[in-house]
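Please work through each task before reading its solution.

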Amino acid sequence: MTAKNVVLTIIALAALGAAGVMIVNQSSGGVPSEEDPNRPAYLVCQNPECKHEFEMTHRQYAAARASGGPPECPECGQRKNRLGHKCENCARIVMRVGHSELPAECPFCGHDFVSDVEGYKKLEEAHNELLGSDADGG
Ligand SMILES: [Zn+2]
Ligand SMILES: [Zn+2]
């Protein structure tokens with residue numbers, strides 16, 4: 001390695017270090033640290049011929065939305081899907097109704113969702129937080 005290359009390497013490392021400090025400073029500002037970006041988000045494909053139920057991490061979901069809309073369905077590839085809730089009882093993914101509300105009970109097995117008020121609230125919070133300021137036009 002020539003002297004010139006060494007100098008360039010040092011400059012590059014210094015720049016990376018500065019960028020890292022900036023990122024740390026920004027992230028310590030607003031975003032609550034208890035959010036786990038790897039917690040699952042459940043989705044149902046809205047293609048009537050597909051209706052595939054799938055899941056991804058909140059991080060992946062947020063990244064997909066940031067890149068132009070709902071994530072692609074792994075089955076049919078269409079970007080038409082909605083957030084849902086995974087039924088603890090039958091493991092099916094239940095779509096929200098009306099204004100992003102869960103039905104009172106699982107349409108597949110009849111499991112009572114409303115009795116799980118705490119979990120329901122958390123789901124609502126997670127959902128709103130995912131959508132954020134990006135209003136869901138569709
Ligand atoms: Zn699909
Ligand atoms: Zn169920």
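**Exercise 1.** Which residues does Val 44 touch, not counting residues up to four places away in sequence?

*Solution.* The model is predicted: local features need pLDDT of at least 70, side-chain atom pairs count only at pLDDT 80 or more, and totals for chains, interfaces and linings use all residues. Residues are numbered from 1 along each chain as its sequence is written, while chains are lettered from A and ligands numbered from 1 in the order in which they are written. Contact requires C-beta atoms, placed from the backbone, to lie within 7 Å. With residues up to four places away in sequence left out, Val 44 touches Lys 51, Glu 53, Asn 81, Arg 82, Gly 84, Ile 93 and Met 95.

**Exercise 2.** Determine the order of the strands and identify the edges of the sheet.

*Solution.* Strands are DSSP runs of E with at least two residues, and helices are runs of H or I with at least four, both numbered from the N terminus. Two strands pair if DSSP finds at least two bridges between them.
- The open sheet has 4 strands in the order 2-1-3-4, with antiparallel pairing.
- Its edge strands, strand 2 (53-57) and strand 4 (93-95), each pair on one side only.
- On average, neighbouring strands are turned by 50° against each other, direction ignored; axes are lines fitted to C-alpha atoms, for helices over the stretch in contact, and angles run from 0 to 180 degrees between N-to-C directions.
- Strand 3 (residues 81-86) pairs with strand 4 in the antiparallel sense over 3 bridges, and Lys 86 stands opposite Ile 93.
- Helix 2 (residues 58-66) lies across strand 1 (40-45) and strand 2, at about 95° to strand 2.

**Exercise 3.** Is Ala 91 buried or exposed?

*Solution.* Ala 91 lies in the loop between strand 3 and strand 4. Its phi is positive, about 70°, although Ala 91 is not a glycine. Ala 91 counts as exposed because it has 10 C-beta neighbours inside 10 Å.

How values were computed
Two residues are in contact if their C-beta atoms, placed from the backbone, lie within 7 Å. A residue is buried if 20 or more other C-beta atoms lie within 10 Å of its own, exposed if 12 or fewer, and partly exposed in between; C-beta atoms are placed from the backbone.
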